[in-house]
Structures are given as C-alpha cells and as structure tokens.
Amino acid sequence: MDDEWAAEYHCHVDVLDASPASPSRKIKSRVESIWALKSIAIPLNYICIGFIITFPNAYIEYFPRQLQASDSQLSTIGVVRNLPWMFKVCYGVLADVFPIRGYRFKPYMVLGYLIASFFNALLAWSASLTVVSFTLLLFGAMLGLIMTDVMADALLTSRAMTEPAAARGQVQAVIYMIRFLTEMVGYWCGSLLSNVDTWGWGLTMAEVFGLLALLPFVLALPSIYFLDEPLATNVLSVPEQALGIWRMLQLRATWQPLAFLVVYHTLHTYNAAWGNYLQVAFHFNAFQYGSMAAVGSSVGFLGVYLYRRFLLAGGHWRFVYAFASVVIAAFSVGNLLLVFGVNDAMGLPPYWFALGDTAVQKFAVGLQYLPSAIMFVRVCPEGQEAVAFALLTGFANMSGGFASTISNALLGIWPVQLQDMQHGNMDGVWKLTLLTSLIRLLALGFIPWLVPNSIEELDSWKHPQFASRRGGLAILAVYVVGFVWVITTSIVAVVSPCNRLVGGAGC
C-alpha cells in the first residue's frame, strides 16, 4: 500500500480528532440544532420515511396469505421490497457526482418522494393484484423511498462528522430514536386500522396506500424547501469517487468490521414457514401480524434508548453483539414451546406467547443498531458522505437479504410448505426453528476477532500500517457476489416459487 495516500486519508477522516485549539475544530464544533427551521427537514424526513415503511405492514403480511402465497413467496416479498436498500450506493453516486443546480441532496429527496407516491397510488388504485404485481409495486415504492433515505443519511452523516469528541454519536442516537419511535407509531396505527374485515371499522388496503401516497406532500416536502444545503463547489468525478471509496475499503477500520457484519447478518437465518404456521395453527389475523411488528418496534426503540443512555460513552460493542446473538437465538428456540403446546399448560394464549418472543428479539436488535451506524460514520470521507455511507450500510442490507434467501432454501429440508401444514403435517416446523436458531449462534465465534470494542479502538485501525488491499478486494468481492445472489434468488422465488433453490417442493 502507498503510505502517502494512506496517511493523507487517515488525517482526512480523523478531522474530529484535531487539536482543541484548531480553528477548523472550533468551526465544526458549532453544531446547529436539528430542530431549527433550516435543519428540521432531517428529522421530519426520517419520520415520514419510517411511517411510510411501517404503516402498511399488516396488509403486506396478511394480503398475500389471502392469495395463498407459498412460504418462499411470503419471505421473498420482504426481500424484494427491501432490495432497493442494496441500490443505495447508486443513489449515493447520483448525489455526490451529479448535483442538480449545485444541490446534492434536496432535488433527489423530492424525486424520491414523487416516485414512492406514484407506486403507492398504483397500489391504492389497482383493482386486482397478484402476488407478483403486489410485490413489484411494493418494490417500486421502496425504490423511490430509499432515494430519499440515502439523501437524509448523507445529511445526517455530514452533521455527525462535525460533532465534537465529547458528543460523538449523539446526533445519530437522537435521529435513530426518532426513527424507531416513528416506526413504532406506524406499526401500531397500521395494525389498529388494517383489520376492517374483522372489526368493521378502519381502513381498506387501498385507503392505506392512498394515504401513504399523499403523506410526503404534507409532512416532508414543505420542510425540504427550507432546508439549508450549501451549494456543492468541489464535485469529484466518478474516477475520483471510486478512488476515494477504494481507499476507504482498504482501511482495517472498514473491511474488518464489514466482514463481521456480513457474517453476523448472514447467519441470522430464521424459520421462513413461521408466519404461515401461525395462520394455519392459530388463525392469526391482520391485526395480530401487525401488532407483533408494532410491539417489536416499541421494544426496539427501548433498546436504542438504553444503549444511548448507558453504553454509548464506553462503546462495549463486543458485549452488545454477543448479547444480541444469544438473546435472539434463545428466544427463537423458545418458539418450540409454542409448537409443543407448552403455552397452554402455562395458560398463555398463542398470540401473547408469540408476541413476547418477538418483543425480546427486537429489543436485542435495537440494542446493536447504533454501534454499526457509528462505525460507518467514522470511516466516511468528507465530500463522499452519500455514496460512502450508502455503500457501507448496503453491506448490512445485502447480508440480511442473503440470510433471507438461505432461510428460503432451508424450507426444502422438511415438509413445512403451506400445503403440508394445511394437511396437518407440522412436524418440520420445530426442527427448522431449532436449526435456524443454532445457526445464529455461530456468529459468536467471530466477535472477539473482528469487532472493535469502542470508537477509540476503531480509530486506531485507520492507521496506514493496518490497511490492506487484499482486505478491500475481499470485502468488495463479497458485496458483488452477494448482490447478484440475492437478486437472482429473489426473482426465482417470485416467478417460480416451486424451485428447490428457493425452498420449493420442485417444479
């Protein structure tokens, strides 16, 4: 590695560690409130995005089951809807390389909302939807929403990069708490209003998506008009952007934590037949599916808050990831108690038992949410906030999608398809639950070797002597292979759900 460029990059991304007497530090330490009129677009956009993603969740869970969607199709609907998270780097390039009239973020935020509203309007007005058309329209809506999300992330990242050392991570913590709180509200509102067939009141699916098509025009777009975004004066070319990203990927502070996060999220497989099992065995309705997600989001918010309150200052990243892995696996195994009817002996209805299991798992997820976000911000080069942060978070999104495709493939080991369960054959459910829970525990062995324990340790890994071309190439290859794999298997699962590759019984 060329020590000259490495040293230059090291100093560049460590601007926060300048001497307290440095004039540049004094300027960067004056962080304006995110609630000021010219900054309020940042939290309002996170609120709008979080609500749009979560409010229709009950119908997204329930409607395909009314169409008799297979287990692999049900799992893949979520994967395909979330595929745009993997395209975040493309949006980052748009912002950093192709500003519109000097603005890197504002125009693309508006464009993203227009795209999302268009597809949500189609979901509202379409008279007859199939599993495939429903999935593709959800994908289109998310495609626009993620464009806006990338721009909001870039604004947040640039703000977090200017925080003084004593307040590192605070802006991110506040924004992500707002996001979790909004998602909690979205899940609960969606659950309560999406059970009109049973309760006789609420919103139809068409009304839900129609409301989401209008929401950005009321909540987010006016604040974007007042957003104070400096005109871009030094726009890097595509080759310069690629060089900056390549230098970032070679840092040990980048490729080693990314390697762990890829392994960690990939190993978080799950029983993809569980949702259909709850419907067949216990006749769960739209409210019950939606409320489980709502409770999960509520305790996820609690996890983020507790990390910010008690653990943020010291990092404790290894403990957090180990704790989350053990808790998630343990309570996933706890689903076996529901399968074997232990909840009846305890006097707990199936809904409350499943609800408690979901809540504890989501708490663990919320607890480990901030450490990864802080890791990403610490290595983002200035002037490339959008593309760098989008690429780094794209690794986590890609590995999460990879875990979903693996979970789909595991459906073929035992007879756990919807048709099997409808005929009373549910013996494979507990076996698949146990297998996926044990797979999750494998991540524990990687924590001591790959995870830094604090911001200070992560920053020490930015030193040129720890940089590695092989590490950068390896992590880049993983991203490309994973990206192609997730997209390919997702398409196969939607158009040919019987394929054994995606957990089908064979065509």
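What follows is a set of questions about labels, each answered by setting a value against its definition.

Visitor: What kind of model is this, and how are the residues numbered?

Guide: This is a predicted model, in which local features need pLDDT of at least 70 and side-chain atom pairs count only at pLDDT 80 or more, while totals for chains, interfaces and linings use all residues. Residues are numbered from 1 along each chain as its sequence is written, and side-chain values use heavy atoms, with hydrogens and water left out.

Visitor: Why is D96 called buried?

Guide: Buried means under 20% relative accessible area, exposed means over 50%, and partly exposed lies in between (1.4 Å probe, protein chains only). D96 has a relative accessible area of 3%, and is therefore buried. D96 belongs to helix α6 (residues 88-97), where helices (H or I, at least four residues) are DSSP runs numbered from the N terminus.

Visitor: What makes the approach of D96 to V387 a polar contact?

Guide: A polar contact is a pair of N or O atoms within 3.5 Å; within protein, one must be able to donate a hydrogen and the other to accept it, and residues adjacent in sequence count only if both atoms are side-chain atoms. Here a polar atom of the D96 side chain lies 2.9 Å from the backbone nitrogen of V387. Contact in the wider sense (heavy atoms within 4.5 Å) also links D96 with other residues, including R104, Q384 and E385.

Visitor: Why is W352 called exposed?

Guide: W352, in helix α20 (residues 350-367), has 53% relative accessibility and so counts as exposed. R309, in helix α16 (residues 286-311), also counts as exposed, because its relative accessibility is 51%.

Visitor: How do you know that the side chains of D153 and K88 meet in a salt bridge?

Guide: A salt bridge is a side-chain nitrogen of Lys or Arg within 4 Å of a carboxyl oxygen of Asp or Glu, and for D153 and K88 the N to O distance is 3.3 Å. D153 lies in helix α8 and K88 in helix α6, so the pair ties together parts that are 65 residues apart in sequence. D153 counts as buried at 5% relative accessibility, and K88 is buried at 3%.

Visitor: What makes D149 and R179 a salt bridge, and are these residues buried or exposed?

Guide: The side chains of D149 and R179 meet at 2.8 Å, N to O, which is set against the limit given above for a salt bridge. D149 lies in helix α8 and R179 in helix α9 (residues 170-193), so this pair ties together parts that are 30 residues apart in sequence. D149 counts as buried at 0% relative accessibility, and R179 counts as buried at 6%. Salt bridges that share partners join K88, D149, D153, R179 and E183 into one network.

Visitor: How do you know that the length of helix α27 agrees with its number of residues?

Guide: The expected span of a helix is 1.5 Å times one less than its number of residues. Helix α27 (residues 469-495) has 27 residues and should span 39 Å, and its end C-alpha atoms are 39 Å apart, so the two values agree.

Note on methods: Helices (H or I, at least four residues) and strands (E, at least two) are DSSP runs, numbered from the N terminus. Lists of a residue's contacts leave out its neighbours within four places in sequence.
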